[in-house]
Amino acid sequence: MRLSRFPLATTKETPADAEIISHRLMLRAGLIRKLGAGLYTWMPLGLRVLRKVEQIVRDEMNRAGALELLMPSVQPAELWQESGRWDVMGAEMLRIKDRHKNDFCYGPTHEEVITHHVRQDIRSYKQLPINYYQIQTKFRDERRPRFGVMRAREFLMKDAYSFHMDAEGLAAEYQNMRAAYTRIFSRIGADFRAVKADSGNIGGAASEEFHILAGAGEDLLAVSTEGDYAANVEAAETHPSGRPLPAPTAALETVSTPGQKTCEQVSRFLNVPLTGKVKLLVVKAADGGLIGIALRGDHELNEIKAAKHPRIASPFEMAKIEDVQAAFGCEVGYLGPVNCPIPVIADFAAAEIADFVCGANQNDAHLRGANWGRDCALPETADLRMIVEGDPSPDGRGTIKLLRGIEGGHIFQLGQKYTQAMGLSVLDEKGEAITPQMGCYGIGVSRMAAAVIEQSHDANGIIWPDAIAPFRVIVTPIGTDKSPAAKEAAEQLYQQLIDAGVEALLDDRGLRPGPMFADADLIGIPHRIVIGDKGLANQQFEYKHRRADKAEMIPATLDAVLAKLA
RNA sequence: CGGGGCGUAGCUCAGCUUGGUAGAGCGCUUGCUUCGGGAGCAAGAGGUCGCAGGUUCGAAUCCUGUCGCCCCGACCA
């Protein structure tokens, strides 16, 4: 492609509402243009990147035996009513009506549609297993779209759905997809990590997320310093230490703590570490009443874990402040497990400390020297908190460190949730009807491009890995106004590269070197060949990799250039 | 959904408090000079001031409504 015929649309100025580096660079490099909140046009240069990602995904899905199809983006409400999700999905789902006033949605995902098709077509165990996928535009009306295509409302996703006769078949395909995802992320050139994730579904089936590691990531990952353990903090479990509860050494006393409502305030006021405090959160219980959750002062509640606890309401909901005050007769800043009017469940860590500080269940007062067993009953214990850096790794090897990641893919075993709800059944060898097991596997294709930029850029712009670069190499002739030789050599090399099947860009705009180099760096072309009189005098081109500090001289031949690209 | 902010040239923004014929930089066009890391000079093109209504002799500016966009928060105990 000749830059004289290619709309580059690069800018020096940073667009006002771009917060993270990938969003800024994608706008500055002219990869995308915003149309509305969470809506982006992929410009020609950006689309080339998107298509590269897409093609890698397609290649590997095909290699893994999945079958590509394309489902409509607009879906009839009936299917969603059948699965029960029409009422469950919130405002995130864009609902629309056609001219007959019939309800539709713009698909946020396609479990219902694929299950519907499969129940029409698949009758026999001989037709299973099967794995269908598509690369399709989705729409999710995010409460807060941001970060450009990283969290857009309309985005491109690869979603795959597999169907199996039994759980073993599903587990095997899950591993197959896991391997395919590993190849996809590796080929794209991303530094990634597969982590255990919250499946959000009954049955405890496996679920993993593939994260591209980057500081701008919206997810926190807990990984072991020594072992292989890696999990999204939402899903990272914690265990009791196994150490016996220390015996009480202090007497229980009530201390006046006027106005000290938060753990931090109390900790400072009484000069005790946060780890020596127990806080009590009040949430809705499964039986409709209230239940207290005791956590160590420095720990945070994991709402997903809480919602899974049989005695806690699901979905998770904090108690109303008024209800708490009615039950305790004091403000929420002074709650504690001692003389507590409601049942209490303690997090493992909170149940392991002695002589702790906690609210006195009366205004402006806390207790010091409180102890489980002596001052209040030993509560039921459970894993209810967020894992934190420095915790022992759940697999017993090393400690936990936290990383930030961008969720690029998610694979999980759905089980029979949709096949059952939508009445999909097939006949097995014995002629008996069974409800197939289902798996589902997603990749955020458009997000992937942004995530790679987060990982791979410098002060001058994007640095594309070869695999998804919009062009492999840019040929930049210098001083073409004075040197017809440089111009000719550039034209010739460009033509040779094209003939050799290399995706090459020729900067034939006749600009001064500064702007040409700046554009080439900004749009992140991995390889650059500069052709000028100086080099040509010695039959040399100048080669520079986007990542290299300095350029080097190479023979002015196609072969020498190809050798550098290899 | 709650709170805050912003809509003026393709982009980034000033002008609004105190109403009086629309501004800058970047980008764009033309010419001359320049030419190895975003050049200089000169001359130009380009805006229904988000939209609707109101106040006024007169509104980008004041008032009301509306739409769009951005940021923060959505939980603490």
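**Chat about a sheet and a domain contact**

Trainee: Hi! In what order do the 4 strands of the open sheet run?

Mentor: The order is 14-15-16-19, with mixed pairing. Two strands pair if DSSP finds at least two bridges between them, and strands (E, at least two residues) and helices (H or I, at least four) are DSSP runs numbered from the N terminus. This is a predicted model, where local features need pLDDT of at least 70, side-chain atom pairs count only at pLDDT 80 or more, and totals for chains, interfaces and linings use all residues. Residues are numbered from 1 along each chain, chains are lettered from A and ligands numbered from 1 as written, and side-chain values use heavy atoms, without hydrogens and water.

Trainee: Which strands stand at the edges?

Mentor: Strand 14 (278-284) and strand 19 (380-382); each has a single partner strand, so one side of each lacks a neighbour in the sheet.

Trainee: Are strand 16 and strand 19 parallel or antiparallel?

Mentor: Parallel, over 3 bridges. Ile-345 stands opposite Glu-380 in strand 19.

Trainee: New topic: what are the domains of chain A?

Mentor: Domain 1 (21-210 + 406-453), domain 2 (253-382) and domain 3 (471-565), with bounds from an automatic or database domain assignment.

Trainee: How many residues make the contact between domain 1 and domain 3?

Mentor: Domain 1 gives 6 residues and domain 3 gives 4, where contact means heavy atoms within 4.5 Å.

Trainee: And how many salt bridges cross that interface?

Mentor: The rule finds 2, a salt bridge being a side-chain nitrogen of Lys or Arg within 4 Å of a carboxyl oxygen of Asp or Glu. Lys-52 and Glu-503 also meet in a salt bridge, at 2.7 Å, N to O.
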